[in-house]
Amino acid sequence: MASPRTVTIVALSVALGLFFVFMGTIKLTPRLSKDAYSEMKRAYKSYVRALPLLKKMGINSILLRKSIGALEVACGIVMTLVPGRPKDVANFFLLLLVLAVLFFHQLVGDPLKRYAHALVFGILLTCRLLIARKPEDRSSEKKPLPGNAEEQPTLYEKAPQGKVKVS
């Protein structure tokens, strides 16, 4: 039977992966939702206008939106399908991406309701990464069997036996 830690990591990985595949696809194509795609185009234009450094670097709103969308799709697929360490790397990249998106929202002065989902998914990505990187608890596997010669006495067994004076 899988440990609760493993179940949690798998559930978070699949849910987060599917979410980011969906959101990245919305940034890349209008096939899923024309309204959401139009809103993304408008939002990314405002991000580039608010950060002139991007323009100086030759990054326009289309390149920024498509780059972020492609990275979200790629990392979402890794989070959903690929086992092992690559999930943690994808998790880390998505966390950096969420932080950048939160920065963009703050830069243009968006209200909280426009970026609340980014906060929630940033917290979920952080939790998944912390749970995945925490070493497995092996304390139950290292306990000696009863009657074993190497068994350590407990504190209760070590305590001196005698009468206790109560005054």
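C127 is partly exposed, with a relative accessible area of 36%. The model is predicted. The protein has seven helices and zero strands. Of its 167 residues, 32% count as buried.

**Cysteines**

- The structure holds zero disulfides.
- C75 is buried, at a relative accessible area of 7%.

**Salt bridges**

- Six salt bridges are present in the structure.
- One of them pairs the side chains of K27 and E72, at 3.0 Å from N to O.
- K27 sits in helix α1 and E72 in helix α4 (residues 61-81), so this pair ties together parts that are 45 residues apart in sequence.
- K27 is buried, with a relative accessible area of 5%.
- E72 also counts as buried, at 5% relative accessibility.

**D88 and its two partners**

- The side chain of D88 meets that of R128 in a salt bridge (3.0 Å, N to O).
- This pair links distant parts of the chain: D88 is in helix α5 and R128 is in helix α6, 40 residues apart.
- D88 and R128 are both buried.
- R133 forms a salt bridge with D88 too, with the closest N and O atoms 3.1 Å apart.
- R133 lies in helix α6 and D88 in helix α5, so the pair ties together parts that are 45 residues apart in sequence.
- R133 counts as partly exposed, at 45% relative accessibility.
- D88 has a relative accessible area of 10%, so D88 is buried.
- Salt bridges with shared partners also join E39, R42, D110 and R114 into one network.

**The largest pocket**

- The largest pocket has a volume of about 350 Å³.
- Its lining is made of 20 residues.
- M23, K27, M40, H105 and H117 lie nearest the pocket centre.
- The elements that give two or more residues to this lining are α1 (4-28), α2 (34-50), α5 and α6 (112-133).
- Helix α2 gives the largest share of the lining, six residues.

**A nonpolar surface patch**

- V89, F92, F93, L96 and L99 form a nonpolar patch on the surface.
- Together they have about 460 Å² of accessible area.
- F92, one of these residues, is found in helix α5 (residues 85-108).
- F92 is partly exposed, with a relative accessible area of 43%.

How values were computed: Residues are numbered from 1 along each chain as its sequence is written. This is a predicted model: local features need pLDDT of at least 70, side-chain atom pairs count only at pLDDT 80 or more; totals for chains, interfaces and linings use all residues. Side-chain values use heavy atoms; hydrogens and water are left out. Patches are made of residues with over 30% relative accessible area and no salt bridge: like charges are joined within 9 Å, nonpolar side chains (Val, Leu, Ile, Met, Phe, Trp, Tyr) within 5 Å. Accessible areas come from the Shrake-Rupley method with a 1.4 Å probe; for residues, only the protein chains shown count as cover. A salt bridge is a side-chain nitrogen of Lys or Arg within 4 Å of a carboxyl oxygen of Asp or Glu. Helices (H or I, at least four residues) and strands (E, at least two) are DSSP runs, numbered from the N terminus. Buried means under 20% relative accessible area, exposed over 50%, partly exposed in between (1.4 Å probe, protein chains only). A disulfide is a pair of cysteine sulfur atoms within 2.5 Å. On a 1 Å grid over the protein atoms alone, a cavity is a set of points where a 1.4 Å probe fits but cannot get out, and a pocket is an open set with protein on both sides within 12 Å along at least five of seven lines; lining residues have an atom within 4 Å of a point. Grid points are joined across faces, edges and corners, and a volume is the space filled by probe spheres set on the points.
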